Amino acid sequence: MATHTSDSLAHGRYQSPRQNAGDPLVQQYLRSHQRSLEAHRTASGHFAAHGATHAVRVADPFRPYITHAAGSRKWDLDGNEYIDYAVGHGALLLGHGHPAVVDAVQEQASRGVHFGENHELELRWAALIAGMMPIAERIEFCAAGQEANLLAMRLARIHTGRRRVLRFARNYHGWADGLVALGAPGSVTAEITEVPFNDRAAIERELATESYALLLTEGGGAHMSGQVPIDLQLQRDLPELAGKHGTLYCVDEVVTGFRDAPGGWQELVGIKPDLASIGKCAGGGLPMGALVGRAELFEPLSPASPAERLVIHAGTWNANPLAAAAGVAACSLYRSGEPQQQAHHAARLFRAKGNEMLKRLGVSARLHGRSIVHLYLGPVEREQYDADFAGPSTNVDWLEGVAYAAVARRLRLHLLQRGIAALRGGLYVFSAAHTAEDVDTTVSALEQSLVAMTEEGTLPTELQ
Ligand SMILES: Cc1ncc(COP(=O)(O)O)c(C=O)c1O
């Protein structure tokens, strides 16, 4: 069944900002963000998306303009300090300004940012990645995570001689044609089929048509690694289900790659996909993407390939020395698993203390997730669940509804005003730099925000 929700969790929150100048919270925000307001006015003359340069940065009235960041914190033009839970859209597992990364980038900047030639850093980077992710017999660097997914589709089509790609709804893989939600205006997604998330029967039915080149799914669950709780057994079965029908399986580890474990999601759940796309953390905070996988699948990239199979992969920023320097520095640290454990530890503390607070307040909401913690704000259907992978409900439709989006937007603004910068009200991305003190401050800000929302009447009564 084709639905049109591949990245609709993002879309649910991407709504026209409302100018609500009479709102006391908005007035307070405008007073404490005067210089950001000026910048926002200028930005609106340049950037069509309400002055923002990324869909999730679109906000009512606007998001702060940041001047600098360090560790788990960042500061804006008006001098406001935030605990940062965006951490570079998930890319900064080590936190802001880790000395090993800063030193590596500074040194490389002085040696040259682009040679337009081969260089040794790309070799070291590849070796580190292959050392952590055993399926990486071959690595192809590109400029962003979504490019790796596009390459996976092309290589799979050549290898199988088929054209179709199967995906789960609610998984996010990028905004380009073939990756964006089915039916997105202006896009061409004719060869793509989506099945409902966690729907084993639908996956089996589609794969049995033996017409798919590639099955592409998001590691860790749907949308930023698990906003929608996952059927873990199905995830473990996907490589076999795909292989049985001649379909290649690519796990999108752009978020989970090296964040969930040194070997990523595939190590965490014990699977061996044919291909995996990585990005974000693998670049230590500089832009990159890469596709890794079985050597034979990458043969079309060899100039010795027959013309009808040859893939010409160019890209100005592929393995550029600055990204490679940051990537080598960061990946060298990921190998031990220590930064991942530190991020998980802080996240678990937040989950535990936050859930205690939510129960005490009597708010119908619970926290779940590994190093990316999701706030599920909705009917709590069960108290017992494996919080690493599951949530208090399987009612994923609620997470896409208008009511949830409105609550999450309001919470986001309350949190920002209290010094907590989550990109969405319900998404907290942890890094190794987040501390127990950060957790306490965040839980307290979350409590104050929910109390304020109850008082102002923006928390629906069914959640109280
Ligand atoms: C799971 C997943 N895949 C792919 C992408 C696209 O990566 P990029 O923005 O680097 O192209 C993202 C970005 O957020 C993502 O979360």
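Accessible areas here come from the Shrake-Rupley method with a 1.4 Å probe, and for residues only the protein chains shown count as cover. This is a predicted model, where local features need pLDDT of at least 70, side-chain atom pairs count only at pLDDT 80 or more, and totals for chains, interfaces and linings use all residues. Residues are numbered from 1 along each chain as its sequence is written, and side-chain values use heavy atoms, with hydrogens and water left out.

**Exercise 1. Work out what the surface and the overall build of the protein look like.**

Step 1: start with the surface. The protein exposes about 18600 Å² of accessible area, and carbon and sulfur atoms own 52% of that.

Step 2: go inside. Of the 464 residues, 59% are buried (under 20% relative accessible area; exposed is over 50%, partly exposed in between, with a 1.4 Å probe and protein chains only).

Step 3: check the dimensions. The C-alpha trace spans about 70 × 55 × 45 Å along the principal axes. A compact globule of 464 residues would have a radius of gyration near 23 Å, and the protein has 22 Å, so the two agree. That radius is taken over C-alpha atoms, and the globule rule is 2.2 Å times the number of residues to the power 0.38.

Step 4: look at contacts (heavy atoms within 4.5 Å). Among those between residues at least 6 apart in sequence, 73% join residues at least 24 apart.

**Exercise 2. Which parts of the chain does the pair of Tyr 85 and Phe 350 tie together?**

Step 1: know what to look for. A pair of aromatic rings is described by the distance of the centres and the angle of the planes. Rings of Phe, Tyr and Trp (its six-membered ring) pair if their centres lie within 6.5 Å; planes under 30 degrees apart are stacked, over 60 edge-to-face, and the rest tilted.

Step 2: find the pair. The structure has 10 aromatic pairs. In one of them, the ring centres of Tyr 85 and Phe 350 are 6.4 Å apart with planes at 20°, so this pair is stacked.

Step 3: Tyr 85 sits in the loop between β3 (81-84) and α4 (99-111), and Phe 350 in helix α11 (residues 338-361), so the pair ties together parts 265 residues apart in sequence.

Step 4: check burial and neighbours. Tyr 85 is buried at 1% relative accessible area, and Phe 350 is buried at 0%.

**Exercise 3. Describe the surroundings of Met 288.**

Step 1: Met 288 is in the loop between β9 (275-278) and β10 (289-293), and it's buried at 5% relative accessibility.

Step 2: leaving out residues up to four places away in sequence, Met 288 touches several residues, among them Trp 125, Phe 141, Ala 143 and Lys 280. Ala 143 is 145 residues from Met 288 in sequence, yet their C-alpha atoms are 4.4 Å apart.

Key
Helix = DSSP H or I, 4+ residues; strand = E, 2+ residues; numbered from the N terminus.
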